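Grab a pencil and work through these exercises one at a time. Try each task yourself before you read its solution.

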Amino acid sequence: MMTFLRPFIFFQQHPIFNLFELNHICISNVQMGDVAKDLLSGTVGGAAQLIVGHPFDTIKVKLQSQPTPLPGQPPKFSGAMDAVRQTVASEGPRGLYKGMGAPLATVAAFNALLFTVRGQMEALLRSEPGMPLTINQQVICGAGAGVAVSFLACPTELIKCRLQAQSALADSGSAAVTVKYGGPMDVAKHVLRSEGGIRGLFKGLIPTMAREVPGNAAMFGVYEGLKKFLAGGKDTSELGRGSLIVAGGLAGASFWVSVYPTDVVKSVVQVDDYKNPKFSGSVDAFRKILASEGVKGLYKGFGPAMARSVPANAACFLAYEVTRSSLG
């Protein structure tokens, strides 16, 4: 359990947390447009989310991508905590952060794009400046932001999943692990060289979009709905950090509740062997998982995903809101 808590403790001690103490940075006199404010706030929120949540994500992908055991044999990992123990034993604590390079390199762009597109859609849907949007309108804004970030999320997730799943696939005898990736750039170079060029980096785009669009629609709708509930009305500007943490954490959980089977399909498609694929596509992957493992197979890694989503998204939304409000 302390292993899971360590990222959140690290986040509190990390220099980026000083951004919350706005007396340490002089930005009050800087005039910024809404797009620039959303870009900066989304960047800070994304960094907070990554620091807190990546170890949980590593365990989720390991559970999702472990090979189906032969009859009478136990699975490689008996559960989330067993995956943590085996990962730390074989790779050390750094193994929980494997694959972090790819999302770290793009986290600023991803969250900046997510919150900026959402902010611009809010502006388009407002009848007049400053007018609060309805929950349904927030759902539309979230869905639109999901479309935009899918094109950035897909190659990033492919690289991350390949690195995270590498050790889990090693015992399956799959040809997919004959190439040992040295890091994010090594994965990208291999895909570009051997898996169809740029198109190879967008393997799994359909399930990625099927995750991001409804997932972000649910997340932003729930987030704004909870903020209004906790504020007791439409004006949420006076909510404290505790309320923002609660709203952000539960909103993150709603993302995964709404789309988790799609994420499982995305992960197995992205780590599938290019030369000898097990799946012909997303629908085929869904059918084969359901046939061989039942509904339970579509929820492999659900526990770590939910355990990650609450603290990681709480940190993300809190960082975003505090930074955004400080910018005016």
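**Exercise 1.** Which residues does phenylalanine 115 touch, not counting residues up to four places away in sequence?

*Solution.* Start with the ground rules. This is a predicted model, where local features need pLDDT of at least 70, side-chain atom pairs count only at pLDDT 80 or more, and totals for chains, interfaces and linings use all residues. Residues are numbered from 1 along each chain as its sequence is written, and side-chain values use heavy atoms, with hydrogens and water left out.

Next, look for contacts, meaning heavy atoms within 4.5 Å. Phenylalanine 115 touches Asp38, Gly42, Phe220, Cys316, Phe317 and Tyr320.

**Exercise 2.** Find where the predictor's confidence is lowest and highest in the protein chain.

*Solution.* The chain has a mean of 84, with 85% of its residues at 70 or more. Now go helix by helix (a helix is a DSSP run of H or I, at least four residues, numbered from the N terminus). Helix α1 (residues 2-13) is lowest with a mean of 48, while helix α8 (residues 205-231) is highest at 96.

**Exercise 3.** Describe the largest nonpolar core.

*Solution.* First, the term: such a core is a set of buried Ala, Val, Leu, Ile, Met, Phe, Trp, Tyr and Cys residues joined through side-chain atoms within 4.5 Å. Buried means under 20% relative accessible area, exposed over 50%, and partly exposed in between (1.4 Å probe, protein chains only). The largest core has 34 residues, and Phe115 and Phe317 have the most contacts inside it. Helices supplying at least two residues each include α4 (101-125) and α11 (302-326). The largest share, 12 residues, comes from α9.

**Exercise 4.** How do the rings of phenylalanine 115 and phenylalanine 317 sit relative to each other?

*Solution.* Rings of Phe, Tyr and Trp (its six-membered ring) pair if their centres lie within 6.5 Å; planes under 30 degrees apart count as stacked, over 60 as edge-to-face and the rest as tilted. The whole structure has 10 aromatic pairs. In this one, the centres are 6.0 Å apart and the planes meet at 80°, so the pair is edge-to-face. Because phenylalanine 115 lies in helix α4 and phenylalanine 317 in helix α11, the pair ties together parts 202 residues apart in sequence. Both of these phenylalanines are buried.

Now compare tyrosine 260 and tyrosine 299: their pair is stacked, with 6.0 Å centre to centre and 20° between the planes. Tyrosine 260 counts as buried because its relative accessibility is 0%, whereas tyrosine 299, at 35%, is partly exposed.

Methods:
pLDDT = per-residue confidence, 0-100.
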